[in-house]
Amino acid sequence: MTCPFEKIYPSELNRDASYYMTHAYNEAIEAWKKDEVPIGAVIEHNGRIIAAAHNQSRTANDPTAHAEILAISQAANTLGDWRLNECTLYVTKEPCPMCSGALVIARIGKVYYGLPDPKMGCVGGATDLGALPRSNHKFESTGGVLEELNHQILKAFFDKKRLENKERKTLDSE
């Protein structure tokens, strides 16, 4: 499926939050191309991306195949350890309850996300699983990294889906 958004290739000289989020955004483009909800994630460890994934729930017919879950598995395999204390996740949209819980269990060090989700986001939006008072593990989270860019791709994808559904209903009623 053709994606109207182009990948961005950031300079390797400045590896800040925008740099890593750009790589997550590029993963979101890959999701769009597979007709998946365009959410991408990367996990960084010691300045190196050790995991990169995008949503694959439809492709895998697996409701748990979110970008964050897939990236957590890749990172754990790369490090040979399920504890990701020294790692940082960059994801284009605020993690849902399932993914936020997995981040707590994986003991992620830090989370940066692009687009906040006030309805289902669980690292500051609807609630904050990364700061549960009785949890053995807490992590910092920062939202709004390349927020507008991440908002544009999600909005365009769902606008396209709504239009396709409307056209399908029109054809079905003829």
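**View 1. N85 and its contacts.** Leaving aside its neighbours within four places in sequence, N85 is in contact with A106, R107, I108, G109 and H137; contact here means heavy atoms within 4.5 Å. You are looking at a predicted model, in which local features need pLDDT of at least 70, side-chain atom pairs count only at pLDDT 80 or more, and totals for chains, interfaces and linings use all residues. Residues are numbered from 1 along each chain as its sequence is written, and side-chain values use heavy atoms, with hydrogens and water left out. To find N85, look in the loop between α3 and β3; helices (H or I, at least four residues) and strands (E, at least two) are DSSP runs, numbered from the N terminus. N85 has a relative accessibility of 38%, so N85 counts as partly exposed (buried is under 20% relative accessible area, exposed is over 50%, and partly exposed is in between, with a 1.4 Å probe and protein chains only). Between N85 and P10 there are 26 Å in space, C-alpha to C-alpha, and the two are 75 residues apart in sequence.

**View 2. E68, a buried residue in helix α3.** Helix α3 runs over residues 67-79, and E68 is part of this helix. Is E68 buried or exposed? E68 counts as buried because its relative accessibility is 3%. In UniProt, an unreviewed entry gives E68 the annotation "active site"; UniProt positions are given in the numbering used here, feature names are shortened, and annotations may be inferred rather than shown by experiment. Another annotation from the unreviewed UniProt entry, "domain: CMP/dCMP-type deaminase", covers residues 15-142.

**View 3. Helix α4 and its buried face.** Helix α4 spans residues 97-105, and here C99, S100, L103 and V104 are buried. Seen down the axis of α4, these buried residues fall within an arc of 145°, so they line one face of the helix (the arc is that of the directions from the helix axis to the C-beta atoms). What covers the buried residues of α4? The cover includes α3, β3 (87-93) and β4 (110-115).

**View 4. Helices α3 and α4 together.** The axes of α3 and α4 come within 9 Å and cross at roughly 20°. Axes are lines fitted to C-alpha atoms, for helices over the stretch in contact, and angles run from 0 to 180 degrees between N-to-C directions. The two helices, α3 and α4, are therefore roughly parallel to each other (angles under 35 degrees count as roughly parallel, over 145 as roughly antiparallel, 65 to 115 as roughly perpendicular and the rest as oblique). Now look at the hand: α3 passes α4 in a left-handed crossing. A crossing is left-handed if the near helix is turned anticlockwise from the far one by less than a right angle, and right-handed if clockwise. Where the helices meet, you will find E68, I69 and I72 of α3 against M98, C99, A102 and L103 of α4.

**View 5. Helices α1 and α5 together.** The axes of α1 and helix α5 (residues 147-173) cross at roughly 10° and come within 10 Å. This makes α1 roughly parallel to α5. On the α1 side, the contact is made by M21, Y25, A28, I29 and W32, and on the α5 side by L149, N150, I153, A156, F157 and K160.

View 6. Most residues other than glycine have a negative phi. D35 is not a glycine, yet its phi is positive, at about 60°. D35 sits in the loop between α1 (17-33) and β1 (40-45). With 22% relative accessibility, D35 counts as partly exposed. Just after α4, R107 takes a positive phi of about 60°. R107 belongs to the loop between α4 and β4, and at 32% relative accessibility R107 counts as partly exposed.

**View 7. Y112 in strand β4.** Y112 lies in strand β4 and is buried, with a relative accessible area of 16%. Which residues does Y112 touch, not counting residues up to four places away in sequence? Y112 touches A17, M21, T88, L89, Y90, V91, T142 and V145.
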